[in-house]
Amino acid sequence: MVRERCTSPTKGGQPCQAFALPDEAVCWSHHPDNQGAVKDAQRRGGTNRSAARRAAKAWAAAGKQIRPQELPDLLRGCILRVATGQMEPAQASAIANLAKASVQLTAELELEQRIAALERAAGMNQHGNGIRMVK
Ligand SMILES: [Zn+2]
């Protein structure tokens, strides 16, 4: 059996790409019976977006207080919020990327400090690339 595509156009006027419901000409979201649920989902989407903006501001304000060892718990919290629809996946994705960058940067800085300490211990005093400045 070949699944038919939805015959309803999207808001942008493009043909809807979703599969039609069995024995129907349109998909679930274009079916007249589901318009209440569709409106609810759209309204929730709007609510989630403004909640995401508030959360992003709070995160920016709290940014300096996040310690590396707190990141795993924070990320687990994001997973739960995405799973329960309290956070937009795109926001969680951005947070995950920033966390990854933060961990990487912390590791690189620590490595630089360790190299500098070793150089001091070895009595070296080179001003190589400007990062490893031994005082
Ligand atoms: Zn459709």
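Is T106 buried, exposed or partly exposed, and how many C-beta neighbours does T106 have inside 10 Å? T106 counts as partly exposed, because 13 C-beta neighbours lie inside 10 Å. The cut-offs are these: a residue is buried if 20 or more other C-beta atoms lie within 10 Å of its own, exposed if 12 or fewer, and partly exposed in between, with C-beta atoms placed from the backbone.

The model is predicted: local features need pLDDT of at least 70, side-chain atom pairs count only at pLDDT 80 or more, and totals for chains, interfaces and linings use all residues. Residues are numbered from 1 along each chain as its sequence is written. The term pLDDT is the predictor's confidence in each residue, from 0 to 100. The mean pLDDT of the chain is 80. In the chain, 81% of residues reach 70 or more.

Start with the overall plan. The chain has three helices and zero strands. Along the sequence the pattern reads α-α-α. Helices (H or I, at least four residues) and strands (E, at least two) are DSSP runs, numbered from the N terminus. Of the 135 residues in the chain, 4% are buried. Contacts can also be sorted by sequence distance. Two residues are in contact if their C-beta atoms, placed from the backbone, lie within 7 Å. Among contacts between residues at least 6 apart in sequence, 23% join residues at least 24 apart.

Now walk along the chain. P22 is exposed, because 8 other C-beta atoms lie within 10 Å. P22 and E4 are 18 residues apart in sequence, and their C-alpha atoms are 8.5 Å apart in space. D23 also belongs to the segment before α1. D23 counts as exposed, because its C-beta neighbours inside 10 Å number 6. The phi of D23 is positive, near 60°, in a residue other than glycine. Most residues other than glycine have a negative phi.

Next comes helix α1, residues 35-62, which holds R49. R49 is exposed, because 12 other C-beta atoms lie within 10 Å. R49 and E88 are 39 residues apart in sequence, yet 7.3 Å apart in space, C-alpha to C-alpha.

The expected span of a helix is 1.5 Å times one less than its number of residues. Just after α2, G85 takes a positive phi of about 75°.

Helix α3 covers residues 89-121. At 1.5 Å a residue, its 33 residues should span 48 Å, and the end C-alpha atoms agree, being 48 Å apart. The helix α3 is hardly covered: two of its 33 residues are buried. T106 lies in this helix. T106 and P68 are 38 residues apart in sequence and 8.1 Å apart in space, C-alpha to C-alpha. After α3 comes G123, with a positive phi near 80°.

How do α2 and α3 meet? Their axes come within 10 Å and cross at roughly 165°. That makes α2 roughly antiparallel to α3. Axes are lines fitted to C-alpha atoms, for helices over the stretch in contact, and angles run from 0 to 180 degrees between N-to-C directions. Angles over 145 degrees count as roughly antiparallel, under 35 as roughly parallel, 65 to 115 as roughly perpendicular and the rest as oblique. On the α2 side, L71, L75, C78 and V82 make the contacts. Their partners in α3 are P89, A92, I95, A96, A99 and V103. An α-helix has 3.6 residues a turn, so residues three or four places apart point the same way.
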